[in-house]
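I opened my notebook to write down what I looked up, one spot at a time. Here is the thing I was working from.

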Amino acid sequence: MTDTMAEILAEYGPFPGVERVHGVTYDGRHVWMAVGESINAIDSDTGVPVRTIEVTADAGTAFDGQHIFQIAEDCIYKIDVENGQVLGTIPAPDGGNSGMAWAEGSLWVGQHRDRRIHQVDPETGEVLRTIKSDRFVTGVTWMGDELWHGTWEGDDSDVRRIDPQSGAVLSRITMPTGTGVSGLECDGVTRFFCGGGPSGKVRVVRRP
């Protein structure tokens, strides 16, 4: 396993009216933040706010190339990214859902205290399989065929790559003490976007 210290490239925020950042996702231009009563888009290079969709958004967020998926309490919304309209809902997995990602035609839903990631059918909400972690799961993303998730316990937080079959830790990026990761997304190349929980920030972290 490789273990490196995080190189934080930028910090965006805090933003007016945003008390906490939950899930984050990336549409190729904008980072979308779930902030409780809305999903807010910021420019991925500058952090400047550009758009808001009013919808309950209290946990993970994902983008499939056309739609935003947003955890809202016990369900997952499918949202038209162009007009912000909710197109449908599916049940969220039972438990304390946290992060969410899109890959391989499925949603991948992290569960915080249960320390696991579910592969979920985006049409029905059926849990297809489950990957166990040895730490709290606070955010989930795929970078190509690499599965990464955020952790946050006390003052300690990191971003770790795990084996998608066994859950074994393959590499870890350790965040500075007191800098938590509440949501996780990547740009598919070199950057992770990390939600900062009650700091109200999004931090950009280099992939080593």
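My entries follow, grouped by the spot I was looking at.

**Ground rules**

I noted that this is a predicted model, where local features need pLDDT of at least 70, side-chain atom pairs count only at pLDDT 80 or more, and totals for chains, interfaces and linings use all residues. Residues are numbered from 1 along each chain as its sequence is written, and side-chain values use heavy atoms, with hydrogens and water left out.

I started at E11, which lies in strand β2. Helices (H or I, at least four residues) and strands (E, at least two) are DSSP runs, numbered from the N terminus. E11 counts as partly exposed, because its relative accessibility is 41%. For my own reference, buried means under 20% relative accessible area, exposed means over 50%, and partly exposed is in between (1.4 Å probe, protein chains only).

What does E11 touch, not counting residues up to four places away in sequence? I found K201, V202 and R203. Contact here means heavy atoms within 4.5 Å.

With K201 there is also a salt bridge between the side chains, at 3.1 Å from N to O. E11 sits in strand β2 and K201 in the loop between β20 (191-195) and β21 (202-206), so this pair ties together parts that are 190 residues apart in sequence. A salt bridge is a side-chain nitrogen of Lys or Arg within 4 Å of a carboxyl oxygen of Asp or Glu.

I also checked E11 against G180: they are 169 residues apart along the chain, and their C-alpha atoms are separated by 13 Å.

**Entry: other salt bridges**

How many salt bridges does the structure hold? I wrote down 13. Two of the others I looked up are below.

- R191 and D187 meet through their side chains at 2.8 Å, N to O, and both R191 and D187 are buried. Salt bridges that share partners also join E11, K201 and R203 into one network.
- R116 pairs with D114, with the closest N and O atoms 3.3 Å apart. R116 counts as partly exposed because its relative accessibility is 27%, and D114 is partly exposed too, with a relative accessible area of 41%.

**Entry: V21**

Is V21 buried or exposed? V21 counts as buried, because its relative accessibility is 0%. I placed V21 in the loop between β2 and β3.

Leaving aside neighbours within four places in sequence, V21 has contacts that include M33, A34, S182, G195 and K201. V202 is one of the contacts of V21 as well, and V202 also touches E11. V21 and V181 are 160 residues apart in sequence, yet 9.5 Å apart in space, C-alpha to C-alpha.

**Entry: T179**

Next I went to T179, in the loop between β18 (169-174) and β19 (183-186). T179 is buried, because its relative accessible area is 12%. Not counting residues up to four places away in sequence, T179 touches S157 and R203. R203 had already come up as a contact of E11.

I then looked at the backbone. The peptide bond from G13 to P14 is cis, with omega near 5°. P14 is in the loop between β2 (8-12) and β3 (24-26).

Which phi value does E104 have? Phi of E104 is near 55°, a positive value in a residue other than glycine. E104 lies in the loop between β11 (97-103) and β12 (106-111), and E104 counts as exposed because its relative accessibility is 62%.

R115 also has a phi near 55°, again a positive value in a residue other than glycine. I found R115 in the loop between β12 and β13 (116-120). R115 counts as partly exposed, because its relative accessibility is 29%.

**Entry: a charged patch**

Last, I looked at the surface. E37, E54, E73, D74 and D94 gather there in a patch of negative charge. Patches are made of residues with over 30% relative accessible area and no salt bridge, with like charges joined within 9 Å and nonpolar side chains (Val, Leu, Ile, Met, Phe, Trp, Tyr) within 5 Å. Asp and Glu count as negative, Lys and Arg as positive, while His and the chain ends are not counted. The place of a charge is taken as NZ of Lys, CZ of Arg, CG of Asp or CD of Glu. Accessible areas come from the Shrake-Rupley method with a 1.4 Å probe, and for residues only the protein chains shown count as cover.

E73 is exposed, because its relative accessible area is 61%.
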